[in-house]
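A guided description in running paragraphs would be welcome.

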Amino acid sequence: MIDRVHTKYGQSFKGCATYLLHDKNATTRQRVAWTSTRNLATENPDAAWRVMAVTAKDQDRLKREAGIRPGGKPGKGPVLHLTLSWHAEGAKDLSKEEMLRAAYGAIRAVKLDDRKTLIVCHDDEPQPHVHILVNRVSPEDGRLPKDFNDYRKLSRWAKKYEKERGKIYCDQRVINEKARERGEYVKAEGNKTRHLVEMQQAVNDNNAKKQLEEQHRQKAHAIKERERQQQQRHAKQWAELEVGHRQRVAEIRERAKHAIGQELMQVRNRFRPSWGELYYQQQAEIRYFELEEERAIGWMRNVVRSIDFRSFIGLASRDDGRVKTISQAFELMVSTGARRKALERQHALQDKELEKQQKAEERSIVERMRASQNRQLLVNRQRFQRDRNDLLLIRDLEKARIRADWLEKGRQMRREWERLKQLERDRNGPKNDRNVRHMEQPRTNPSVLLPKEGADQAAKQIDEYRDRFQERRERGRFHERDDDRDR
């Protein structure tokens, strides 16, 4: 039998607890029927919200101790304020245990049953209701939960709870849920702000009220439809921008890859004759080596050609495959296989030298082509940044236009309600309007109550004290922020 479910996110435990644990615009606690805590070592509500605030401030430390990197994407804040309101018909049969059971069920619905919680029941309204203050920061690892579709989860839980209680009070919730199950986009009507409710209560002409509400409902629907179309258009523009950027990057890399392949092919074609010449030269040396090995004195000439005599006398020489020590020279004199290996080593070094020249030219070409590719990628990245900045500017301007339309609608709505309110005053006369009589009463200045002689300084001090007291009172009062206040 949950009639309404409200959710609010915030940053200040002190502000929310001050609102929950005191009367409206006062320091007394007459409207607080009872309080309860969950996952806390104390039942004192004033100590409970302070413990929750300390836990939220230690979020980074808790993450480090759990091995999680501090920081991350900012969420909706550590404070979650839920309100469960029952219909006034069932107030007599509603017990504290039943309200606590419902509160625990709502907390489980949003998967926060392991979080520190303060539950406060108020009895200042005809309908029973409880406020639930939840610390969304986990005491184990300091992480915030995923808050996707919390209102939908609570709506489904409330529908199930009403069925268990035996009577459905909020039929629109059931209708909306069935529409969502069919795949339709349905958003519940938002809660009216206090100043709008007060203005509506001051007008008794129901026909004029309904007509004005219908007009502004249509205006709000039109603006919301434009806003939804704008969001879809922006999403499409962002997708097209990113797809175009990725396609240009892929094209640049593909062109660079093709160009590098063409250049490498030209280099290899230029070196192919050199490889052929080297091959025939080495084959001729092998045939001459084999002929010399068959002659009586020829093997000695093979030995001489395989020895680097400059190294024997201490002169510097390059590594061309010839032997450079006396022991290796002696091995050449006694072994045909050693002489053949020496010749093969010379040929391998010649192949390696020619390959080194070819690879050096190929690397030079690849580096040049990569540099050209990087310049093209840089130009493309700069183009993407310009297009992105232009799109951001256009998006912000269009969003600002939508916000201006919402503000203008809110101002126009307030003017219309003030006009109806004024017509009501003119029709009934100021004598029947308690608000007018209250406004017409002059404010009593404390300095007027003091004697005229020698009391100017005292009156000034009293006025200053009154202003400071009012400032402290306003500063300590908890106001729930509503982003859609002017809608």
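**A guided reading of the fold**

Helix H4 is followed by Lys-111, a residue whose phi is positive, near 60°. The model to which these residues belong is a predicted one. Within H4, the buried residues are Glu-98, Met-99, Leu-100, Ala-102, Ala-103, Gly-105, Ala-106 and Ile-107. The buried residues of this helix pack against strand S2 (32–38) and against S3, S4, S5 and H5.

In soluble globular proteins, nonpolar side chains tend to be buried together. The largest nonpolar core of this model has 23 residues, and Leu-84, Trp-86, Val-130 and Ile-132 are those with the most contacts inside it. At least two residues of this core are supplied by each of strand S3 (79–86), helix H4 (96–109), strand S4 (117–122), strand S5 (129–135) and helix H5 (150–165). H4 provides the largest share, 6 residues.

Leaving aside residues up to four places away in sequence, Val-130 touches Trp-34, Leu-82, Thr-83, Leu-84, Trp-86, Met-99, Ile-119, Val-120 and Cys-121.

Attention now turns to a pair of helices later in the chain. Two packed helices are described by the angle between their axes and the distance between the axes. For helix H8 (residues 206–294) and helix H12 (residues 336–428), the axes come within 9 Å and cross at roughly 175°. An angle over 145 degrees counts as roughly antiparallel, and H8 and H12 are therefore roughly antiparallel to each other. The residues of their contact comprise 32 nonpolar, 16 polar and 34 charged.

Gly-261 is a residue of helix H8. Its relative accessibility is 35%, so Gly-261 counts as partly exposed. Although Gly-261 and Val-366 are 105 residues apart along the chain, their C-alpha atoms are separated by 9.2 Å.

The chain as a whole can now be considered. Its secondary structure comes to 14 helices and 5 strands. Of its 487 residues, 34% are buried. Among the contacts with a separation of 6 or more, 71% are between residues 24 or more positions apart.

Note on methods: Residues numbered from 1 in each chain as written. Predicted model: local features only at pLDDT ≥ 70, side-chain atom pairs only at ≥ 80, totals over all residues. Heavy atoms only, no water. Axes fitted to C-alpha atoms, helices over the stretch in contact; angles between N-to-C directions. Helix = DSSP H or I, 4+ residues; strand = E, 2+ residues; numbered from the N terminus. Parallel < 35°, antiparallel > 145°, perpendicular 65-115°, else oblique. Nonpolar A, V, L, I, M, F, W, Y, C, P; charged D, E, K, R; others polar. Core = buried A, V, L, I, M, F, W, Y, C linked by side-chain atoms within 4.5 Å. Buried < 20%, exposed > 50% of the residue type's maximum accessible area, 1.4 Å probe, protein only. Contact = heavy atoms within 4.5 Å.
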